[in-house]
Amino acid sequence: MLVQLSQPLLGTILVADDQVANRELLEELLTAEGFQVITVADGAAAVAELARTQVDLVLLDVMMPHLNGFEVCEKIKNNPDTYLIPVIMITALSAKQDRLESIKVGADDFLTRPVDRTGLLARVRSLLKLKQRTDELERAESVLFTLAQSIEGKDPYTHGHCERLAEYSGRLGEQLGLPEDQITALRRAGIVHDVGKIAVPDAVLLKPGRLTPEEWTIMREHPVVGERICAPMKSFRCVLPIIRHHHEKLDGSGYPDGLRGSAIPVTARVLQIVDVYDALTTERPYKKAFSITDTLETMKQEVAKGWWDPDIFERFVRLVSSGAAVVLSRAATAGP
């Protein structure tokens, strides 16, 4: 019978404390458990170390010279490169205000001295497991984004399409006052909305002329395939409806489900407006790029046909007219 041994949970831990004895004690406790430990003597040194070393968890003393623990924690949590690193605050103080301040600056946990070995290791292991899962999730998302960009890269005429949709659908969502989770979903969907085209043969995907009815049947499956590819990602719960429904139309003539009106998720209605705009303002094998004026006039006619949400389109027009649409509007003059 084979015995499966559990793998030890390892990681690199940064300890910042201005007291030598405290640093040595924490280093001894953590290295004995197999962790790699880096120690620094003040807050400024901690920030500098984080800029050059990949760290999995940070233990911060509150009272330190140059930058105190609260200031360092705030810098960690406000930096997109480090905000997911768990932070444990350690202090000899027990005042309620210190705990509240730790929460305010985004600390993940709080310990008081003298540090209990069992309590410290339990917190460290728990936060490292969470960090490990977060890293796995980021890697999975990265694979999806790379796959989506590789599909886009097959066609030089759609270069930059995903990035433009991610940026501008997010801006439009903000203008509409959508919740933060929906804005995040829009930015993600901008990148992966067409990932289902991986299942579309290149002969169909890159065909310069009109598609036959049979080829259109194949092409119209890509939203369903894309949803299926992304479905295992729990963090993509709000992204899935956008992927599946970004080709629906208000009058029910879209695909894959023929949804009508408000049955189409608002986030999908946002992305489809930006998607159409980008398609019209970029050159494709079957057409020249439209000017911004002609694009908006064409879309206005399509709104009148009952294809796109008139309220979202009106907001979109205002955004374009305000000059805030530099990122997407640049496509109108950019070559493939």
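A salt bridge is defined here as a side-chain nitrogen of Lys or Arg within 4 Å of a carboxyl oxygen of Asp or Glu. By this criterion, a search of the whole structure, which is a predicted model, finds 17 salt bridges. The legends below describe several of these pairs, together with two further residues.

**Figure 1. Salt bridge between E33 and R125.** The side chains of E33 and R125 meet in a salt bridge, with an N to O distance of 2.6 Å. The pair links distant parts of the chain, 92 residues apart: E33 lies in the loop between α1 (20–31) and β2 (36–40), whereas R125 belongs to helix α5 (residues 117–153). E33 counts as partly exposed because its relative accessibility is 25%. R125 is likewise partly exposed, with a relative accessible area of 33%.

**Figure 2. Salt bridge between K131 and D56.** The side chains of K131 and D56 form a salt bridge at 3.9 Å, N to O. K131 is located in helix α5 and D56 in the loop between α2 (43–52) and β3 (57–61), so this pair ties together parts that are 75 residues apart in sequence. Both K131 and D56 are buried.

Figure 3. The closest N and O atoms of K207 and E215 are 2.8 Å apart, and the two residues form a salt bridge. K207 counts as partly exposed, at 27% relative accessibility. E215 has a relative accessible area of 17% and is therefore buried, the cut-off for this class being under 20%. A203 is found in helix α8 (residues 202–205). The C-alpha atoms of A203 and E215 are 9.4 Å apart in space, and the two residues are separated by 12 residues in sequence. A203 counts as exposed because its relative accessibility is 62%, a value to be read against the limit of over 50% for exposed residues.

**Figure 4. Network of salt bridges formed by E167, R171, E174 and R187.** Salt bridges link E167, R171, E174 and R187 in a network. Side chains of opposite charge can pair when their charged atoms come close.

Figure 5. T295 has its place in helix α13, which comprises residues 292–304. Because its relative accessibility is 0%, T295 counts as buried. When neighbours within four places in sequence are left aside, T295 is in contact with Y277, L280, T281 and F290.

How values were computed:
Residues numbered from 1 in each chain as written. Predicted model: local features only at pLDDT ≥ 70, side-chain atom pairs only at ≥ 80, totals over all residues. Heavy atoms only, no water. Helix = DSSP H or I, 4+ residues; strand = E, 2+ residues; numbered from the N terminus. Buried < 20%, exposed > 50% of the residue type's maximum accessible area, 1.4 Å probe, protein only. Contact = heavy atoms within 4.5 Å.
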